[in-house]
2 protein chains.
Amino acid sequence: MEGDPLSALCTPAFVVDVDKAKRNAQRMIERCQKLGVQLRPHMKTHKTLECADIMTGGSQRCIVVSTLAEACFYADHGYDDILYAYSIPFDKVLSAHTLNVSLFYILLLKMYESYLTEGVELTGVYAHCGNTYYCTGVEQIQAVAQETTKLTLQFMEKLRAVGITCKSSIGSTPSCSHPVKDMAQLSEVHPGNYVFYDVQQSMIGSCCMEDVAVRVLTRVIGHCPHRNQLLIDCGWAGISLDGAGKLPTGYAVIEGHPNLKLLSMTQEHGRVEPISGQLDYSKYPLGSLLILIPYHSCATAVMHPVYHVHSKGRLVGKWTPTRGW
Amino acid sequence: MEGDPLSALCTPAFVVDVDKAKRNAQRMIERCQKLGVQLRPHMKTHKTLECADIMTGGSQRCIVVSTLAEACFYADHGYDDILYAYSIPFDKVLSAHTLNVSLFYILLLKMYESYLTEGVELTGVYAHCGNTYYCTGVEQIQAVAQETTKLTLQFMEKLRAVGITCKSSIGSTPSCSHPVKDMAQLSEVHPGNYVFYDVQQSMIGSCCMEDVAVRVLTRVIGHCPHRNQLLIDCGWAGISLDGAGKLPTGYAVIEGHPNLKLLSMTQEHGRVEPISGQLDYSKYPLGSLLILIPYHSCATAVMHPVYHVHSKGRLVGKWTPTRGW
């Protein structure tokens, strides 16, 4: 119920700090304005109307989506200028055409040649620079951003040389969180994860842990002293299996408990143990709340049919994402 | 559309062979009848009304669920005798009480003692024998089934000795696919995954690959000869990350292509490469279908808001699962 504290929620529950989400979105809007490039935010992380409104600064236009289901969802709710950024297989061409969404194509000239058949107009060149996800720190991120920008602009030059003028777009959350000056020469950037961020982004250097806007709430449902473990009511159905082997704290960071590790999971159970030492069970009574910070918020959000939204720890509403393809 | 071939589906699509699902369900019903033990099928793998009807042989009663959302869903649709088999945290006690579902408790006497407070009646003892998932072959499965049955029956004896008579239930898909005689002394068994089965169950020895009733259809959307890879339109959002490192063929088995491996995925893309040799791209034109057999059908099903149901390759309907907690 609105106004209730987070502790009123049944667990596991995916919760969004709306103030942090708004701050992350506003910073990206300002960063792109300052740089002088059009922001086209990606919807794939959250897939909700409310968060789309925040990311577009209320304009409800100029977005990018990863599925036709998202394209239909936003088009049905009045969104305009929707880019379906996907190597489109033949089964979806007709649907996308009916929707009148833009079909951007791919960076490689080779693919461009094979796709550019009669009746098709190249509207733009789209690259993701997903290799920023292997970076650590601003310097490495900006080196990848610079290289991707350079290659994309060189490719645009080649297109112009054969008489084709069209848009160019790059952008991952890391590169757009720390853009380089040359990105101003692109038509657009298209980050998405930044509205939530997550542990992965903080490790890459895109954000601080304080910027991460989402959590999964879970409760202690069992004490297993013979294994020096706690049992929690969040399994992979609530947090996802993303992040396996990436964190010293297991599949998530457990807020305020740096010595706890989410070791393993079944569908609806998680096993938590201390990184070192013996658990003091009096600190974790049955029913007590633990707060998981997701390794990858895109993967965690997709597990939840509803997001519980709060401001300063008080519930202010629910967001319902679209699902499927 | 009903009557269409599977190739009419947009991909990725989760498809259920209804004939195989019915055969798997019927075999379990007959196996339990022959053994003389009550079957209480688990709904967590599919979470649909249609499959529940198949698993209960049309009786629409005596089921087990893993979430309150499932309990409500089945209760709202007229199902009776619903067991919510979960170490219940305090936030859910009131809701479960309102629903009047049974609350079975846990195997360990210690937990039994800590829970058995005034006003609570112990209705049964429930053990999962999840350690059958580490088995290979019938002999190992039956050894675990025998041990779990023995321990459970010994525990029931201890309860009787202090004047408590209640039900007993064990059962995982492996142990109930190859039950041991002593399981007849239990009140119930509660397997779930068997209605779909999956690659994991075939590796354990619960079933043959021919028994696996579910697939994910995907299409080739890119050729990457510089990496000797295909790009497909199924990422972890369509097949899940379960099974990482468990199969020589990666995150799934690609039906009819034993030399292909689903190497890695992003949210909506999969990278496929040959286990050995060079890809012959003429065999995999853009838009061609590939069929993925899930490593773990519970984890794959949960990613899909709709299941496409077919009989002999022709679509016969859609099933819509419940989601959330």
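Modeller: Chain A and chain B bury about 3,400 Å² between them, with carbon and sulfur atoms giving 65% of that area; buried area is the accessible area (1.4 Å probe) that two parts lose on being put together, summed over both. On the side of chain A, the residues that lose the most area to chain B are Tyr86(A), Gln267(A) and Trp325(A), which together account for 20% of what that side buries. This is a predicted model, in which local features need pLDDT of at least 70 and side-chain atom pairs count only at pLDDT 80 or more, whereas totals for chains, interfaces and linings use all residues. Residues are numbered from 1 along each chain as its sequence is written, chains are lettered from A and ligands numbered from 1 in the order in which they are written, and side-chain values use heavy atoms, with hydrogens and water left out.

The contact (heavy atoms within 4.5 Å) draws 39 residues from chain A and 40 residues from chain B. Of the interface residues of chain A, 100% are also interface residues in chain B, so the copies meet through the same surface.

The symmetry may be stated next. A rotation of 180 degrees, with 0.0 Å of shift along its axis, superposes chain A on chain B with an RMSD of 0.0 Å; the copies are superposed by least squares on the C-alpha atoms of residues with pLDDT of at least 70 in both. That is the relation of a two-fold axis. The C-alpha of chain A nearest the axis belongs to Leu241(A), at 3.0 Å from it.

Between chain A and chain B there are 2 salt bridges, a salt bridge being a side-chain nitrogen of Lys or Arg within 4 Å of a carboxyl oxygen of Asp or Glu. Lys47(A) forms a salt bridge with Glu268(B), and their closest N and O atoms are 4.0 Å apart.

On the side of chain A that touches chain B, at least two residues each are supplied by helix 4 (90-99), strand 9 (214-224), helix 9 (236-239) and helix 10 (297-301) of chain A. Helices (H or I, at least four residues) and strands (E, at least two) are DSSP runs, numbered from the N terminus. The residues of this side divide into 19 nonpolar, 11 polar and 9 charged; Ala, Val, Leu, Ile, Met, Phe, Trp, Tyr, Cys and Pro count as nonpolar, Asp, Glu, Lys and Arg as charged, and the others, Gly among them, as polar.

Lys47(A) lies in the loop between strand 2 (38-39) and helix 2 (49-55) of chain A, and its phi is near 60 degrees, a positive value in a residue other than glycine.

The contact within chain A may now be set beside this one. Chain A is assigned domain 1 (6-13 + 209-319) and domain 2 (18-195), the bounds coming from an automatic or database domain assignment. Domain 1 of chain A gives 17 residues to their contact and domain 2 of chain A gives 16 residues. The two domains of chain A bury about 1,200 Å² between them, 51% of it on carbon and sulfur atoms. In domain 1 of chain A, Asp211(A), Cys298(A) and Trp319(A) lose the most area to domain 2 of chain A, together 46% of what that side buries.

Between domain 1 and domain 2 of chain A the count is 3 salt bridges. Lys312(A) forms a salt bridge with Asp19(A), with the closest N and O atoms 3.7 Å apart. Helix 10, strand 15 (307-311) and strand 16 (314-319) of chain A each supply at least two residues of the side of domain 1 of chain A that touches domain 2 of chain A. Strand 15 of chain A provides the largest share of that side, 4 residues.
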